[in-house]
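Please look over the structure below before reading the briefing that follows. The notes are grouped by topic for a reader who meets it for the first time.

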Amino acid sequence: MILWYDPFPAFLDEARLTDVDDLAEIHAAGFHRGWHAAEVEALLVQDGVITLVARRGTPFGTRRPVGFVMVRAAADEAEVLTIAVSPRHRGKGLGRRLLDEAIRRLYRDRVRHLFLEVDETNEAARRLYKRLGFKTVASRPNYYAGPDARPATALVMRADLS
Ligand SMILES: CC(C)(COP(=O)(O)OP(=O)(O)OC[C@H]1O[C@@H](n2cnc3c(N)ncnc32)[C@H](O)[C@@H]1OP(=O)(O)O)[C@@H](O)C(=O)NCCC(=O)NCCS
């Protein structure tokens, strides 16, 4: 058995304004239409928005984000605005840790329902959401324009937190 020791394990943290360039870069690597740093910043400071980042240390002492989740709450409902992990750090449980922590905070704030939309062809994201208790409640055909210009169906999913 090979034991893999990571000297710079990722930890979860609140996002800061100094993170916006890194967050925009991570987002652009994950989505056909990436967000500019200014769009990330506008959401980051919006009322009701919680942005959590996974940070990883480096030998140079920096602790840059390698993934993030943004959720927006209003009254007892919330939505996942985005979640993305930088390609080199996917498949290590960071997406799950980020969303799990966001759900904990929403639950603490008495949010009862968390919604999101996902492209039905996005296997990784669908598996993550299913694992965390989301159920499909609607589907919107021809919702996304994919990179190949073919329209894709969006699934609306909901997790009940209470
Ligand atoms: C979706 C995303 C955030 C998942 O982050 P991640 O850190 O790689 O996910 P995790 O390592 O926590 O894995 C979560 C689950 O997804 C599964 N998964 C991860 N990558 C997968 C892949 N390429 N194919 C199928 N399942 C995958 C894992 O096996 C795990 O499921 P399990 O608990 O049943 O084993 C990441 O793939 C990403 O940034 N994608 C691009 C942006 C995106 O699509 N965001 C979602 C938009 S709705």
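**Strands and their pairing**

In strand 2, V53 is the bridge partner of D13, strands and helices being DSSP runs (E, at least two residues, for strands; H or I, at least four residues, for helices) that are numbered from the N terminus. This is a predicted model, in which local features need pLDDT of at least 70 and side-chain atom pairs count only at pLDDT 80 or more, while totals for chains, interfaces and linings use all residues. Residues are numbered from 1 along each chain as its sequence is written.

- Strand 1, residues 11-14, pairs with strand 2 in the antiparallel sense over four bridges, where pairing means that DSSP finds at least two bridges between two strands.
- Strand 2 and strand 3 run antiparallel and are joined by nine bridges, with R64 in strand 3 as the bridge partner of R56.
- The hairpin of strand 3 and strand 4 has two residues between the strands, with A75 in the turn showing a positive phi of about 55°.
- Strand 4 and strand 5 pair in the parallel sense over three bridges, and E77 stands opposite H113 in strand 5.
- From strand 4 the chain crosses through helix 3 to strand 5 in a right-handed β-α-β crossover, that is, with the strands pointing away from the viewer, the path from the first strand over the helix to the second runs clockwise.

**The nonpolar core**

- The largest nonpolar core has 37 residues, and F68, V69, L98 and A102 are those with the most contacts inside it.
- Such a core is a set of buried Ala, Val, Leu, Ile, Met, Phe, Trp, Tyr and Cys residues joined through C-beta atoms within 7 Å, and buried means that 20 or more other C-beta atoms lie within 10 Å of a residue's own, with C-beta atoms placed from the backbone.
- Helix 3 provides the largest share of this core, six residues.

**The ligand shell**

- Among the 20 residues around the ligand, G30, R90, G95, R96 and A124 come nearest, a residue being near if its C-beta atom, placed from the backbone, lies within 6 Å.
- Strand 4, helix 3 and helix 4 are the elements that give two or more residues to this shell, and helix 4 supplies the largest share, six residues.

Conventions
A residue is buried if 20 or more other C-beta atoms lie within 10 Å of its own, exposed if 12 or fewer, and partly exposed in between; C-beta atoms are placed from the backbone.
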